[in-house]
Amino acid sequence: MKYVFPGLVTICLALLFADLFYDKHPHFAFEGWFGFYAFFGFLAFSVIVMSGKPLRKLLMRDEDYYDR
């Protein structure tokens with residue numbers, strides 16, 4: 001179990017490094033940047049996770065909401 005996180009980091013870095021070695025066919029210029037999809041995916045994931053706390057406060061109901 002202690003090798004899972006280092007293994008995932010190694011795989012992610014290898015895939016990021018592999019981005020240098022294939023020919024991209026971007027629709028927009030910024031899609032051709034090195035590691036664009038890796039950074040965009042991390043940013044999108046971070047925004048979704050960080051928006052969970054405010055959404056919880058907005059959507060949370062009392063514990064006995066359905067039993068009244």
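The model is predicted, with local features needing pLDDT of at least 70 and side-chain atom pairs counting only at pLDDT 80 or more, while totals for chains, interfaces and linings use all residues. Residues are numbered from 1 along each chain as its sequence is written, and side-chain values use heavy atoms, without hydrogens and water.

Glutamate 31 sits in the loop between helix 1 (4-18) and helix 2 (36-50), helices being DSSP runs of H or I with at least four residues, numbered from the N terminus. Its side chain also reaches the backbone nitrogen of phenylalanine 28 at 2.9 Å.

## Charge pairing

Glutamate 31 is buried yet has no salt bridge, and the nearest side chain of opposite charge, that of lysine 24, is 11 Å away; buried means under 20% relative accessible area, exposed over 50% and partly exposed in between, with a 1.4 Å probe and protein chains only. A salt bridge requires a side-chain nitrogen of Lys or Arg within 4 Å of a carboxyl oxygen of Asp or Glu.

Lysine 24 instead forms a salt bridge with aspartate 19, with the closest N and O atoms 3.4 Å apart. Lysine 24 counts as partly exposed because its relative accessibility is 23%, whereas aspartate 19 counts as buried because its value is 9%.

Notes. Helices (H or I, at least four residues) and strands (E, at least two) are DSSP runs, numbered from the N terminus. Lys and Arg count as positive and Asp and Glu as negative; His and the chain ends are not counted. A polar contact is a pair of N or O atoms within 3.5 Å; within protein, one must be able to donate a hydrogen and the other to accept it, and residues adjacent in sequence count only if both atoms are side-chain atoms.
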